[in-house]
Amino acid sequence: MKYTDEFRDREKAKILIKEINKLAATIEIARTRPINIMEVCGGHTHSIFRYGLEGMLPDAIELVHGPGCPVCVLPMGRVDDCVSIAERPEVIFTTFGDAMRVPGSKKSLQQAKADGADVRMVYSPMDALTLARKNPDREVVFFGLGFETTMPSTALTVLQAETDGIENFSVFCNHITIVPTIKAILDSPDLHLDGFLGPGHVSMVIGTAPYEFIACFYKRPMVVAGFEPLDVLQSIWMVLKQIKDGRAEIENQYARIVPEAGNNAALAAVGKVYELREFFEWRGLGSIDHSGVKVRDDYARFDAERKFAIPGVKIADPKSCQCGEVLKGVIKPWQCKVFGIACTPEMPLGALMVSSEGACAAYYQYGGVKKHTAARPDASVAAAS
Amino acid sequence: MCLGIPGRIVKIDDHQKKLATVDVSGVRRQVNIACIVNDTHLVDACVGDWVLVHVGFAMSRIDEHEAAETLKILTELGEAQAEMESMRLSAVH
């Protein structure tokens, strides 16, 4: 595939690994502890595991898997709200496939579907709008999910619904924003991070300027990274180079996709339809100020939250789950008490085990990580069996 | 959902709604191109563009020049390594 295969070249990867090894060996802090680099985005977590990149890196580098998987950070109460909307007889509830199996306090959307609710997987919010057009006597609700990457798609769909005068379409908005999330991580006292791989596709929309505070105030380097193996390795090398040089800058490795200024058309659509919420609840992380968006009053008729009475009940995460610590990178997935035992991709307790972009599912699926076995042998045995 | 996939725009379906057909490794589907259209890049100019498609929306035009630049850096890194290697081999001490 064009612009994909070029960034999967095995020989170039070997060269990069060598350079990373050389560079890591010259970094002072690595003598006493590992260099902690967080990949914020779940897409990067997925690539790192899919291509086995973690195992190729020197021990001096510790990759900390961040909270950037929108499906994984969805709190149980919001899944319950989805189920409540989906179970209304007039509703066709549409969602991306990733969200089907996320557990609510009573059931997931998949279980609701099995119980008779009209839940349908769609590839695009535009497909949900088409469904609304074809079913004028039904209410079609789209489960709006994701960071700034997918926010423009639901905003543009709402604008299209307005233009076409389609009134039986609405979005259940659970979009979240990246910057307050990164700030919450940086303010977390139990974490020490030396640098970041920046989320490539969020940045394609918002540009690189919103991250400047990371360099200016927190003095940490960030490299906005692509998703192919060479992209990830080159970005790790660039973060190390900054650490070695004593620099803290926002660099862009993914310039073929990410313009420094972001995407104006996308941002304009988002700004028109959405506004910041005062706070938004995250699974495992609690409430983070200004970390979510909601539909503006002008578009209230396309807002499922206002169209239907939702329970809106806050449900505590299961006690045995340590999703929060995993999301913040404080513990590794296999160090969680229920990893691979009570929580598996087939029967997930926490959402991190559901999505292919979730750190727990990635560890479970691809396993075989060199550092995997030492920490909690009982869990890794269970996971391997 | 967040990874996206590269494809090439093969025809414009609806100028007003900014809908186009994109070819992703032989699979064709309709996508919205509102995010890659602007005053200097009009709807018709999108035909032939390589774009990154997310959930039915072309979200970014792939910049061939930048892609080549990134690959060049990677190649140079390899060449530098090879050169260092040969220098080391030929070194007197």
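**Domains of chain A**

I began with the domain assignment, which divides chain A into domain 1 (76-176 + 292-307) and domain 2 (323-384). I keep in mind throughout that this is a predicted model. Taking the centres over C-alpha atoms, I find 30 Å between domain 1 of chain A and domain 2 of chain A. I then looked up the contact between these two domains, to which domain 1 of chain A gives 4 residues and domain 2 of chain A gives 5 residues.

**Chain A as a whole**

I next turned to the make-up of chain A, for which I list 17 helices and 13 strands. Its radius of gyration is 21 Å, close to the 21 Å that the globule rule gives for 385 residues, so I record chain A as being as compact as a globular protein of that length. Along the principal axes, the C-alpha atoms of chain A fill a box of roughly 65 × 45 × 40 Å. I also looked up burial, and buried residues make up 54% of the 385 residues in chain A. Of the contacts in chain A with a separation of 6 or more, I find that 76% are between residues 24 or more positions apart.

**Strands 1 and 2 of chain A**

Looking at individual strands, I find that strand 1 (residues 35-41) of chain A runs parallel to strand 2 of chain A and is joined to it by 6 bridges. Within this pairing I located Met38(A), which stands opposite Val64(A) in strand 2 of chain A. I checked the cover of strand 2 (residues 61-68) of chain A as well, and 7 of its 8 residues are buried.

**Contact between chains A and B**

I then looked up the contact between the chains, which takes 41 residues from chain A and 30 residues from chain B. Several helices of chain A supply at least two residues each to the side that touches chain B, among them helix 2 (42-50), helix 7 (151-164) and helix 11 (229-245). The largest share of that side, 5 residues, comes from helix 1 of chain A. By residue class, I divide the side of chain A that touches chain B into 18 nonpolar, 14 polar and 9 charged.

**Strands of chain B**

In chain B I followed strand 1 (residues 5-14), which pairs in the antiparallel sense with strand 4 (residues 50-54) of chain B over 4 bridges. For Arg8(B), I find Trp50(B) as the bridge partner in strand 4 of chain B. Strand 1 of chain B also runs antiparallel to strand 2 (residues 19-24) of chain B, with 5 bridges joining them, and here Lys11(B) stands opposite Thr21(B). The hairpin of strand 1 of chain B and strand 2 of chain B has 4 residues between the strands, and I noted that Lys18(B) takes a positive phi near 55 degrees in this hairpin.

Notes: Residues are numbered from 1 along each chain as its sequence is written. Chains are lettered from A and ligands numbered from 1 in the order in which they are written. This is a predicted model: local features need pLDDT of at least 70, side-chain atom pairs count only at pLDDT 80 or more; totals for chains, interfaces and linings use all residues. The radius of gyration is taken over C-alpha atoms; the globule rule is 2.2 Å times the number of residues to the power 0.38. A residue is buried if 20 or more other C-beta atoms lie within 10 Å of its own, exposed if 12 or fewer, and partly exposed in between; C-beta atoms are placed from the backbone. Two residues are in contact if their C-beta atoms, placed from the backbone, lie within 7 Å. Ala, Val, Leu, Ile, Met, Phe, Trp, Tyr, Cys and Pro count as nonpolar, Asp, Glu, Lys and Arg as charged, and the others, Gly among them, as polar. Two strands pair if DSSP finds at least two bridges between them. Domain bounds come from an automatic or database domain assignment.
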